[in-house]
Amino acid sequence: MIVKLLLDRKREGEELAPEEIRELVAAYTRGEVPDYQMAAFAMAVCCRGMTDAETLALTTAMRDSGDCLSWDDLPQPSADKHSTGGVGDKLSLVIQPLAAACGLAVPSLTGRGLGLTGGTADKMESIPGYVAGLSLADYRKVVASCGCSLTVQTGEIAPADKKLYALRDVTGTVPSIPLIVASILSKKLAEGAGTLVFDVKCGAGAFMKTRPEAAALAKALVAGARGAGRKSMAIVTAMDEPLGFTVGNALEVDESIDVLKGSGGRIPQDVVDLSVEFAARMVALAREMPMDEARTLCRERLTDGSAWTRFAEMVRLHGGDLKAFEGRRRVEGGDVLSAGGGFVASIDAQKVAQAAFELGAGRAQSTDSIDPEAGVRLLVTRGDRVSAGQPVAKLHAPMRPERLEVASRLVQDAVVVSADAPAPKALVLEVVE
Ligand code: URA
């Protein structure tokens, strides 16, 4: 393979053969193709796009660059949900144990977050003792024992993606649907679940800002997953406002526990509804069950405490101490007061995320540490009536009290109050089946 000739052809818009793409990825993973040539390839893909066959070849080549797991030895069908990520997106903490309680194996390899707020692994690690970085052997044991595991992805899974994503990040080549699909899917396919359901977030607080972009990604993910032999569907969901009331690692675990137990703080209806919808989609596809039956089963398993039992068992098997977590008092740094009176018309997810970051909930670089206790707890949601001076949020910044003022201004700007009640807004924007 002469990489320069491949690059010439891709630059001119020619379709590459699957074997050529496989060879390129394999050579890049072995360190035989330099970063500058792979960056040129990524840029050519950004500008020229890829056919479905090329995208599938890139995806499977990246999948095969590392270990590929299989769950065929388990008695129950396997399924997972992937989210493109949003503000306050704690859905995995509810969906994974809920789907497990409905008879699925849910082997979720997840990430530590880069950006304004933490990833699922960061959230779980705010529970004292919880080890997200399990060996593959221990991860298998946890899934076999309680049906689900939220484990951080190891370097053995799709190493080509790890290398290529870091390169794309610094060469302006992240926003390309074929590259995003190959990146997301290579990891999810290697994880081995037989059913893959995608939550493609759309809006100000999401990676995909517009509806056409989000729908295109959703369709491409489903087509790719099916092309690789998995059952799949996607839902495009709204991400203009934060999900639930909390943004910040321990705060989001608190809220997820409330949802799983059905008691505690104010239960966020958006988190409940989306969790049931996604878990039901997984169950319906994996167990080949009608969707209305799957929804009923998921609602039952959420309200009868089965999902909570699975979550508690998963945490125990990961070494976490839920008693210590739940007994801990969250240090409050102060209230944010509403600037005016009326109805909450909107809550800007991006500004709330920025506030959480200021307080220490996120990391700008992978080597930064996060404060698990930092974040924002909203006290209101869209449509609530508020009066001027009423507290609309509580801030938590035990390690960065000096950032409280700037965060408070961000949250105050984020909560927009108007004289009229806002019209109801759909959470589910589009279903791709
Ligand atoms: N998330 C990923 O894992 N990869 C991308 O390319 C974009 C978002």
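This section describes backbone angles and cysteine pairs in a predicted model.

Most residues other than glycine have a negative phi. Ala158, although not a glycine, has a positive phi of about 45 degrees. Ala158 lies in the loop that runs between β3 (148–152) and α8 (159–170). The residue is buried there, and the relative accessible area of Ala158 is 0%. Glu288, likewise a residue other than glycine, has a positive phi, with a value near 50 degrees. The loop between α12 (269–287) and α13 (291–303) contains Glu288. Whereas Ala158 is buried, Glu288 is exposed, with a relative accessible area of 65%.

The cysteines were then considered. A disulfide is a covalent bond between the sulfur atoms of two cysteines. The structure holds 0 disulfides. For a pair to be counted, the two cysteine sulfur atoms must be within 2.5 Å. For Cys102, the closest cysteine sulfur belongs to Cys298 and is 3.8 Å away, so the two are too far apart for a bond. Cys102 is buried, with a relative accessible area of 2%. For Cys202, the closest cysteine sulfur is that of Cys46, at a distance of 20 Å, which is also too far for a bond. Cys202 is buried as well, its relative accessible area being 6%.

Methods
Residues are numbered from 1 along each chain as its sequence is written. This is a predicted model: local features need pLDDT of at least 70, side-chain atom pairs count only at pLDDT 80 or more; totals for chains, interfaces and linings use all residues. Side-chain values use heavy atoms; hydrogens and water are left out. Helices (H or I, at least four residues) and strands (E, at least two) are DSSP runs, numbered from the N terminus. Buried means under 20% relative accessible area, exposed over 50%, partly exposed in between (1.4 Å probe, protein chains only).
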